[in-house]
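Please keep the sequence and the model at hand while reading.

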Amino acid sequence: MIYQKQDKLIKGLAKYYGQDLFDYLEALEKETDEIHEPLPCTKIKKVYSTELITPNFKGLLMDFVYEMVDDSYIHYEHYSGNLTHGNLTHTGRYDMELHEETGKPINTIIISTGNPNKSETECWIGKVNKYTPIRIIFLKKYPGDQRLKNVKIKIENNKKLTAFDILDLIFIPFLNTTKNSEEIVKEICGYVSKITKITTKQTKILTWGLWLTTEIFIKNPETLEKVRTMSTLKGQSINEKLHNREIELRQEGKQEEKTNMKNTIKTLENEGKTSDEILKTLKTTF
């Protein structure tokens with residue numbers, strides 16, 4: 001069950017936060033002294049639904065696939081436990097199916113929340129054939145304490161958060177920290193309640209991400225409910241305020257104004273404006 005929640009979290013971030021998630025994971029890798037084989041391409045052209053690229057065996061689905069601008073593919077697989085020979089052969093079968101279907105180069109990256117010292121990183125099939133992913137990201141290898149401290153300082157100083165800050169708030173409980181993951185999640189939720197400068201997209205991603213991470217790491221139902229209440233972002237969300245304003249406009253019969261307001265909000269969101277900045281514009285415009 002916990003594996004399914006972790007899987008849902010990674011897949012959701014890959015789908016809705018594609019390039020940002022890719023860049024975040026690349027940034028984590030660069031913070032270590034390890035030497036990694038460079039990826040042939042780091043810009044995503046398209047995020048594929050794995051239901052569109054489906055290996056035709058046993059009804060199994062790949063986790064997620066990116067088509068890159070150089071027409072190669074990045075295939076990500078997520079495993080919550082220590083990597084085994086079975087995990088690697090499973091992933092390798094996906095790669096063969098995807099390559100056969102597309103005829104394109106396939107570069108596979110495995111994300112693991114398991115122990116890197118107790119995991120297998122290559123798979124021998126016979127004496128001469130070996131399958132090795134281009135990269136394996138063990139989240140437990142990356143220190144999380146300093147990352148948490150950095151984002152806490154930004155929140156306390158009322159600074160605008162970046163995409164990486166939002167991903168840190170979601171991923172830090174999976175990284176290597178001096179505190180246990182449950183305590184880290186509680187601490188993060190306490191910081192979240194103090195956030196004021198955040199875009200609508202970031203609000204949606206963070207709220208959804210923390211909903212899953214709290215359920216993964218907090219076992220006591222009463223504690224879970226308290227932490228989720230504590231992590232509520234200050235004030236109403238922009239969506240709630242928009243909904244309330246729509247009700248007012250509907251009552252006033254101002255359908256055209258409602259449409260204009262929606263278009264304005266969409267434009268401002270695309271420009272990366274915070275909820276407070278959007279509401280200020282709406283107040284002066286409508």
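## Terms and basis

A residue is called buried when its relative accessible area is under 20%, exposed when that area is over 50%, and partly exposed in between, with a 1.4 Å probe and protein chains only. This is a predicted model, in which local features need pLDDT of at least 70 and side-chain atom pairs count only at pLDDT 80 or more, while totals for chains, interfaces and linings use all residues. Residues are numbered from 1 along each chain as its sequence is written, and side-chain values use heavy atoms, with hydrogens and water left out.

## The chain

The chain has 11 helices and 7 strands, taken as DSSP runs (H or I of at least four residues for helices, E of at least two for strands) numbered from the N terminus. Of its 286 residues, 46% are buried.

## Salt bridges

A salt bridge here is a side-chain nitrogen of Lys or Arg within 4 Å of a carboxyl oxygen of Asp or Glu, and by this rule the count is 12. In one of them the side chains of Glu26 and Arg135 meet at 2.5 Å, N to O; Glu26 belongs to helix α2 and Arg135 to strand β7 (residues 135-138), so the pair ties together parts that are 109 residues apart in sequence. Glu26 counts as buried at 12% relative accessibility, and Arg135 counts as buried at 5%.

The side chains of Asp165 and Lys154 also meet in a salt bridge, at 2.6 Å, N to O, and this pair ties helix α5 to helix α4 (residues 145-156). Asp165 is buried at 9% relative accessibility, whereas Lys154 is partly exposed at 22%.
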